[in-house]
Amino acid sequence: MASKILVIDDEKIVGDSLRKTFEDEDYEIETAYNGEEGLRRARGEAFDLMIVDLKMPDISGLDVIRTIREEQPDTMMVMITGYSSVDSAVRALKIGAFDYIPKPFTPDEISSVVERALGTKERLAREKREREAFYRLYKRAFYKPFKGEESELIPILQQVQGEIGFLPEEAMLDIAEFVGVPKSRVYAVATFYAQFRFTPIGRKHIMMCRGTSCHVRGAPRIREEVEKQLGIREGETTPDLEYSLETVACIGCCGLSPCIMVNNKVYAKMTPRKVAELFAR
Ligand code: FES
């Protein structure tokens, strides 16, 4: 099936030239000439990817990306602009754009970004399906240690998330049935606690220490730098599912503070510079 791409740019020539660039590809290209029209189109039909101009007469491209990321987190977003600056690039990536390209760009440049974005979207969807299938296969084993009482709701949510990496929709319904409460109750509990996630966790799981020893030796500055480098905050995952960020009370290496842990490997005596080097993308 052809991938659907929406180009939102007030310069008609951009949409026209992208159509030409991709005429031999299996893409369906649609265009919108301002932010309002782009949002209306996006709400009316599903797109795989949106290419959004930063400066438009009504809503800014950043606001369009922010809104679409909230409403349709699976849609990939690419920002383009003739007014490029490091600041706008960082802001675009922070709110969830997959990439950022300054105008004018060549057909090869935009083709390469579109190909990577659509490839990443496909990979993420496949990983999510695989984890959901894994849940379906082993779910009886996940519930076995429990009696099905309402008081077990949080431990069961923790157990499922620990096995799958997030809480699939199907699991939320199963848990409601297993402990005999309405599904709205399960959602209320899961959304109340920051530890629970509804999307898959990143391949690199970062744990930042917020313990006293790390705190007095500069952990807040380390955390700021990690958030700046990756464009995500505590409890979030980067759009390419590469990194997830969490804080913990103590990593258990207080003598090496301030420290962080990435997939069980401890990085000791961190500085903002070391963080920048570690997460340079
Ligand atoms: S306080 Fe940070 S590792 Fe213990």
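Author: Let us start with a term: two residues are in contact if their C-beta atoms, placed from the backbone, lie within 7 Å. Helices (H or I, at least four residues) and strands (E, at least two) are DSSP runs, numbered from the N terminus. The model is predicted: local features need pLDDT of at least 70 and side-chain atom pairs count only at pLDDT 80 or more, while totals for chains, interfaces and linings use all residues. Residues are numbered from 1 along each chain as its sequence is written.

Reader: What do the buried residues of helix 2 pack against?
Author: They pack against strand 1 (3-8), strand 2 (27-32), strand 3 (49-53) and helix 3 (61-71). In helix 2 (residues 35-44), the buried ones are Gly35, Gly38 and Ala42.

Reader: How do you know that they line one face of the helix?
Author: Looking down the axis of helix 2, the buried residues fall within an arc of 60°, so they share one face. The arc is that of the directions from the helix axis to the C-beta atoms. An α-helix has 3.6 residues a turn, so residues three or four places apart point the same way. On the other side of helix 2, Arg40, Arg43 and Gly44 are exposed.

Reader: Why is Leu93 called buried?
Author: A residue is buried if 20 or more other C-beta atoms lie within 10 Å of its own, exposed if 12 or fewer, and partly exposed in between; C-beta atoms are placed from the backbone. Leu93 has 20 other C-beta atoms within 10 Å, so it counts as buried. Leu93 belongs to helix 4 (residues 86-94). Setting aside neighbours within four places in sequence, Leu93 is in contact with Tyr100 and Gly231.

Reader: And what makes Lys269 exposed?
Author: Lys269 has 12 other C-beta atoms within 10 Å, so it is exposed. This residue lies in the loop between strand 9 (265-267) and helix 11.

Reader: Why are helix 10 and helix 11 called roughly parallel?
Author: The axes of helix 10 (residues 219-230) and helix 11 (residues 272-279) cross at roughly 30° and come within 9 Å. Axes are lines fitted to C-alpha atoms, for helices over the stretch in contact, and angles run from 0 to 180 degrees between N-to-C directions. Angles under 35 degrees count as roughly parallel, over 145 as roughly antiparallel, 65 to 115 as roughly perpendicular and the rest as oblique. Helix 10 and helix 11 are therefore roughly parallel to each other.
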